[in-house]
Amino acid sequence: MQWISRRHGFFESRYIHVNPVIVGPSEERLSIYWERDFERLEDPFPLERRAPQPGDVVFPAGAYEFDYWGLELTTDPSQAVTFALNGEVGEFFDGDQRRFTASLMARRAPHWNLGLELVDQFVEREDPEQGTVDFDSRVARIRLGYDWSNAFGLDLFTQWNNDEQLLLSQLRAHWIFGDESDLYFVVTDARDDDRGDFAPRRSELTLKLSYARQL
C-alpha cells in the first residue's frame, strides 16, 4: 500500500496492491494480482507524447479511482532460457485498458546474454465530444550484452515505439578499474520514422567517470 499527499494537505495518489504468488520447486512463479488506484490530476493527462490531435486519449483534470487485475508467469530463472508473461485488464482512470508483456532472456555463461521484450497496451475511453477514442501502443526491445571479464563489458540496446514512430539505439561500454572506480561510455542514436525515412532526431555521446581513492 502507498499513499502520497501534498504538503498543503490535499490527497494526491494511492495504490493498494494484493499479489499472492505460487512458487515452484525451481523458482517458477505464478501470480494473480489485483490493484486499486486513486489519482488526482491537476492538469489534463494525454497518453500520446506528440501534440494533441483529434481522436487522442486525454484524461481531464480531476480525481479518479479505478482497479484492474493481472496475471504473471515466470519460468525457472536459473535456466539458460527464461520466459516471462504478464497480462492486465480492467479500468484506467475513467476508461478501460488491456496490457500484455512478453519477455525472453537467454544466457550463455560466462559472457553472452540476450533479452527480447514486447509490450502491447490498448486504452479506450468515452469522450463527451468525440465519442469512443482509443490508444494502441506497441514497444519492442532487444538487448545484447557481452562481458569480456568481470571488469569490462559491452551492452547494445534497441527499442522501437510505434506510438512515437521512434527507433532508439544505445551502445554502452562499462569498465571497472578499481574499488568504487569505473568508466561509462554511451553512444545514443534516435531516429524518427514519421515520414518513412528514419531521419535522425537525436545523437548523444556520454562519458561518466567515477574515481575513488582511500587516503
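Predicted model: local features only at pLDDT ≥ 70, side-chain atom pairs only at ≥ 80, totals over all residues.
## The second largest pocket

Strand β12 provides 4 residues to the lining of the second largest pocket, the largest share of that lining. The volume of the second largest pocket is about 180 Å³, and 14 residues line it. Asp147, Gly153, Leu154, Arg172 and His174 are the lining residues that lie nearest its centre.

At least two lining residues come from each of β11, β12 (152-161) and β13 (166-178). Sorted by class, the lining of the second largest pocket comprises 6 polar, 5 nonpolar and 3 charged residues.

## The largest nonpolar core

The largest nonpolar core has 13 residues; Leu47, Val57, Phe59, Phe92, Phe93 and Val123 are the members that touch the most others. At least two residues of this core are supplied by each of β4 (29-41), β7 (62-74) and β11 (131-147). Strand β7 accounts for the largest share, with 3 residues.

## Residues with positive phi

Phenylalanine 93 is located in the loop between β8 (81-92) and β9 (95-108). This residue counts as buried because its relative accessibility is 10%, below the 20% limit for that class.

Glutamate 27 is another non-glycine residue with positive phi, here near 70 degrees. The loop between β3 (21-23) and β4 contains glutamate 27. With a relative accessibility of 41%, glutamate 27 is classed as partly exposed, since that class lies between the 20% and 50% limits.

## Asparagine 86 in strand β8

Asparagine 86 belongs to strand β8. Its relative accessibility is 14%, and asparagine 86 therefore counts as buried. The side chain of asparagine 86 is joined to that of tyrosine 33 by a polar contact of 3.1 Å.

Not counting residues up to four places away in sequence, asparagine 86 touches Tyr33, Leu71, Glu72, Arg99, Phe100 and Thr101.

Key
Residues numbered from 1 in each chain as written. Heavy atoms only, no water. Core = buried A, V, L, I, M, F, W, Y, C linked by side-chain atoms within 4.5 Å. Buried < 20%, exposed > 50% of the residue type's maximum accessible area, 1.4 Å probe, protein only. 1 Å grid on protein atoms, 1.4 Å probe; cavity = no way out; pocket = protein on both sides within 12 Å on 5 of 7 lines; lining within 4 Å. Points joined across faces, edges and corners; volume = space filled by probe spheres on them. Nonpolar A, V, L, I, M, F, W, Y, C, P; charged D, E, K, R; others polar. Polar contact = N/O pair within 3.5 Å; in protein donor to acceptor, adjacent residues only side chain to side chain. Contact = heavy atoms within 4.5 Å.
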